[in-house]
Structure formats: structure tokens, C-alpha cells
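Colleague: I would like to go through the terms used for this model. Please set each value against its definition.

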Amino acid sequence: MYTVYYNSTLIYSSSSPMKEIRFVDPELSLGDSVAGSFKFTMLPDNPGYNLVQRMIGLITVKRDGSTIWTGRVINQVDDFWKRRTCSCEGALAFLNDSNQDMHTYDSMDMLNFLAKLLQIHNAKVPENRRIQLGAVTVTDMNDSHTYQTTYGSTWQELQKNIMDRLGGHIRIRYDNDIPKLDYYADYPSTSSQEINFGQNLLDFTRNWDLSNLVTVILPRGKQLDEDNEYGQRDYVTVASVNNGSKYIKNNDAFNRYGRIEKVVDFSDVTEPSQLLTLGQNYIAAQQFDDMVLDISAVDLHYLTGSVVAFNLLDKVRCISRPHGMNTWFPVTEMNIPLEHPENTRYTMGVSQASSMSSKASTDSQNFINRLQNLPSMTNLLEQAKANATEIINSAT
């Protein structure tokens with residue numbers, strides 16, 4: 001069940017028989033590292049009709065009593081019949097309301113710099129636009145870095161100084177209705193629910209560069225020390241544990257597309273059985289890394305309360321035997337029509353990996369400088385304890 005509040009006033013309930021607290025075509029759009037949006041149309045007898053104001057109050061969307069999104073109205077349009085359509089932006093956009101002064105932060109680690117950005121933001125904006133630091137699992141190989149801010153918005157400075165350098169995924173999570181900014185290196189949770197052809201997968205389209213398609217692989221392990229009969233040094237293969245064959249085949253994909261081969265190197269592997277496992281995992285999953293799925297699927301949560309609902313950034317197992325697909329995809333976008341949540345559309349997968357250009361410095365003087373500017377052990381332990389607690393809470 002979905003409910004929507006304007007500040008503390010209930011203005012929508014998906015289960016209410018009263019048309020006064022129903023919307024026309026409400027749709028919530030969520031995305032990876034974006035603010036998300038919410039659009040709805042109110043009738044004149046809705047309790048929020050004369051209450052909702054642009055840019056002032058807070059719109060809160062709850063699912064089964066738990067907050068999944070907050071934002072503010074940025075645009076209102078009335079039609080001939082006085083139906084009022086409101087367009088909203090999510091809480092992550094609040095970080096555009098504050099600017100960071102020109103400043104250089106010498107010898108600061110990423111976690112403390114991120115906390116500093118939020119501290120400055122929160123000191124400048126009203127209470128309902130403040131965001132606390134949540135769980136951070138992104139790590140920086142440079143434990144001490146120089147950051148420069150140049151009058152950009154908090155969101156611009158966060159992207160420029162942190163995300164463009166380290167990649168990762170940002171979301172707003174709600175802990176007792178307090179918005180917290182989580183920054184993850186990888187997708188944080190795995191859904192216990194599957195999307196399965198013939199069960200709850202209704203339809204999907206895929207954006208996939210077929211030049212990356214592989215149906216047969218030859219997994220190659222560590223190079224051997226001795227030459228073979230042809231005077232060449234061979235590699236560890238899976239032949240001894242794969243019925244004499246060096247090749248591994250994805251039968252479903254092979255039957256559909258024919259034989260398309262590729263050599264895959266696992267240069268540190270010396271055991272054929274381990275190489276076989278790695279090869280089987282690759283042929284089953286890794287070839288789908290560049291695929292993006294636009295999926296229409298029934299979230300079984302709406303049919304039975306015993307199934308956990310899909311959430312943004314969940315990793316979900318997608319199975320479609322006729323298409324040769326059995327792998328895990330992250331939920332990177334969700335478009336939820338609140339009146340008909342069973343028609344939710346999901347975008348799964350990413351078109352390209354995030355850029356991660358960070359590397360450790362090998363300059364000895366830089367290393368000495370970093371040692372001299374390390375924070376005290378007490379501060380490090382307190383910081384680690386607080387972040388570990390947030391990671392546990394976000395997983396819960």
C-alpha cells in the first residue's frame with residue numbers, strides 16, 4: 001500500500017475507497033544516483049489541494065508505512081476542470097540549494113570530506129532539507145587527498161571531487177524518516193525474489209551490443225613451465241575435468257545464436273576444477289555485463305506479503321531460458337504507477353562501468369606527508385565505528 005503526505009497531512013492512500021484522497025495517474029520514478037521524481041494530479045476536493053505549496057513543504061511517499069522517497073513540488077499546472085498536476089523533485093536535489101565556498105582541504109580522507117560537504121550544506125538550509133551522512137562503502141586508495149571547492153553547489157562539488165574520481169552509487173535512505181546519504185562501491189543488497197520467464201516476467205526489451213555475445217569459451221589458466229610437443233608453452237585448461245574438452249558452452253545461447261567463441265584468461269588459476277567453475281560462471285553471467293533490460297514484471301510482494309519487494313539498487317536474478325539468460329542485474333531505475341504498482345517497469349543493468357581512475361601514489365615524499373598528516377587513532381576508530389553502524393543499519 002502506498003500513501004503520500006504533505007508535511008504531516010495525508011493526501012493520498014492507494015487503498016482508500018474515498019476519491020478525495022486519491023490521485024489521478026500518480027507515478028514515482030527512482031534512479032541510481034539521481035534525485036528521482038514524482039508526478040500526480042489532485043482534484044479540488046483533495047485535502048492537499050489548497051495546502052500544497054511549491055518549494056516549501058515536504059512530499060513524502062511511503063510503502064507499507066515506510067518512507068521510500070521525499071521531495072518537494074517544483075511545478076503546478078491547473079487545467080480547465082481545476083485538476084492540479086504537481087511535479088516534484090527528490091531530496092537529493094536539495095544539495096543544489098547550497099554552495100560550497102572556495103576552499104582547499106589538504107590531507108583529508110574522502111569520508112571526512114563528504115561529511116564536511118554535508119555539514120556546510122546543513123548549516124545553510126532549512127531543517128526539512130538537511131541530509132545526514134549514512135553508510136559509505138567506497139574506499140579511496142589515497143587515504144589522504146587534497147580537495148578543492150570552487151563555489152559550486154554541494155551536489156556539483158560532490159560529483160566533481162568524489163564521484164567522478166571514485167565512481168560508486170548514491171541513494172537517499174530513510175532512518176526513522178531522517179534522510180541519510182549512502183555512498184556504495186557496489187550494489188548494496190540482493191533481492192530474495194527472482195524475475196522468471198513464465199512466472200512473473202511479463203515482457204522485456206534489451207539494449208545489448210551483440211558484438212560482445214559469447215556462446216562458447218575456452219578458459220585459460222596459468223601458463224605452464226614446460227614446452228609442449230610443438231615447442232610452445234601451453235596453459236592450464238579444463239580438459240581433464242570436462243570430459244576431455246577445453247571448451248565450455250552455454251547451451252541455451254548456443255542453440256539460439258550458434259557457435260561464437262572467445263578465449264578467457266584466468267592467469268592465476270592452476271587447478272583445472274577451479275578453472276572450470278570460473279569458466280562456467282563467466283559463460284552464464286559475465287557476457288551480459290553490457291546488457292540493459294527494460295522489464296515489465298509482477299512484483300510478487302503485491303500478491304503475497306511474505307515476499308520482499310524490489311528496491312532500487314537491489315541485485316535481482318533474471319531467468320529466461322528461451323533467451324539464454326540466467327544472471328544477476330542491478331535495479332538502476334524504477335517507474336512505479338502508485339494506482340497500479342503491478343505495472344511497475346524496471347531498468348536493470350548499466351550500459352558502462354563507472355570511471356575509477358584512483359591509484360596509490362608511489363612518490364616517497366607524498367607518502368611521508370601522508371604519514372605526517374594522518375588523523376589520530378582515536379578519531380579513526382570513532383569514524384570507523386560510526387560508519388560501520390550506518391552500514392549495518394542500511395543493510396537491515
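Colleague: Why does phenylalanine 94 count as buried?

Modeller: Its relative accessibility is 2%. Buried means under 20% relative accessible area, exposed over 50%, and partly exposed in between, with a 1.4 Å probe and protein chains only. Phenylalanine 94 therefore counts as buried.

Colleague: What kind of model is this, and how are residues numbered?

Modeller: This is a predicted model, where local features need pLDDT of at least 70, side-chain atom pairs count only at pLDDT 80 or more, and totals for chains, interfaces and linings use all residues. Residues are numbered from 1 along each chain as its sequence is written, and side-chain values use heavy atoms, with hydrogens and water left out.

Colleague: Where is phenylalanine 94, and what is it in contact with?

Modeller: Phenylalanine 94 sits in the loop between S7 and S8. Helices (H or I, at least four residues) and strands (E, at least two) are DSSP runs, numbered from the N terminus. Contact means heavy atoms within 4.5 Å. Leaving aside neighbours within four places in sequence, phenylalanine 94 contacts Leu58, Gly71, Arg72, His121, Asn128 and Arg129. Its C-alpha atom is 8.5 Å from that of isoleucine 131, 37 residues apart along the chain.

Colleague: What makes H1 and H2 roughly antiparallel?

Modeller: The axes of H1 (residues 110–124) and H2 (residues 154–166) cross at roughly 170° and come within 10 Å. Axes are lines fitted to C-alpha atoms, for helices over the stretch in contact, and angles run from 0 to 180 degrees between N-to-C directions. Angles under 35 degrees count as roughly parallel, over 145 as roughly antiparallel, 65 to 115 as roughly perpendicular, and the rest as oblique. H1 and H2 are therefore roughly antiparallel to each other.

Colleague: Which hand does the crossing of H1 and H2 have?

Modeller: The crossing of H1 and H2 is left-handed. That term applies if the near helix is turned anticlockwise from the far one by less than a right angle; clockwise makes it right-handed.

Colleague: Which residues of H1 and H2 meet?

Modeller: From H1 come Met110, Phe113, Leu114, Leu117 and His121; they meet Thr154, Glu157, Leu158, Asn161, Ile162 and Leu166 of H2. The residues of this contact divide into seven nonpolar, three polar and one charged. Here Ala, Val, Leu, Ile, Met, Phe, Trp, Tyr, Cys and Pro count as nonpolar, Asp, Glu, Lys and Arg as charged, and the others, Gly among them, as polar.

Colleague: Asparagine 122 is in helix H1. Is asparagine 122 buried or exposed?

Modeller: Asparagine 122 has 13% relative accessibility, so it counts as buried. Leaving aside neighbours within four places in sequence, asparagine 122 is in contact with Arg130, Ile131 and Gln132.

Colleague: Why does lysine 82 count as exposed?

Modeller: Its relative accessibility is 56%, so lysine 82 counts as exposed. Lysine 82 lies in the loop between strand S6 (66–78) and strand S7 (84–90). Beyond its neighbours within four places in sequence, lysine 82 contacts Met42, Pro44 and Tyr49.

Colleague: What makes serine 107 partly exposed?

Modeller: The relative accessible area of serine 107 is 28%, so the residue is partly exposed. Serine 107 belongs to strand S8 (residues 103–108). Serine 107 is not a glycine, yet has a positive phi of about 50°.

Colleague: What is the phi of tyrosine 151?

Modeller: Phi of tyrosine 151 is near 70°, a positive value in a residue other than glycine. Tyrosine 151 lies in the loop between strand S10 (145–149) and H2. At 53% relative accessibility, tyrosine 151 counts as exposed.

Colleague: How do you know that leucine 313 is buried?

Modeller: Leucine 313 has 0% relative accessibility, so it counts as buried. It lies in the loop between strand S21 (292–297) and strand S22 (314–320). Not counting residues up to four places away in sequence, leucine 313 touches Asp32, His169, Arg171, Tyr187, Pro188, Ser189 and Val331.

Colleague: How much of the whole chain is buried?

Modeller: Of the 396 residues of the chain, 45% count as buried. The chain has six helices and 24 strands.
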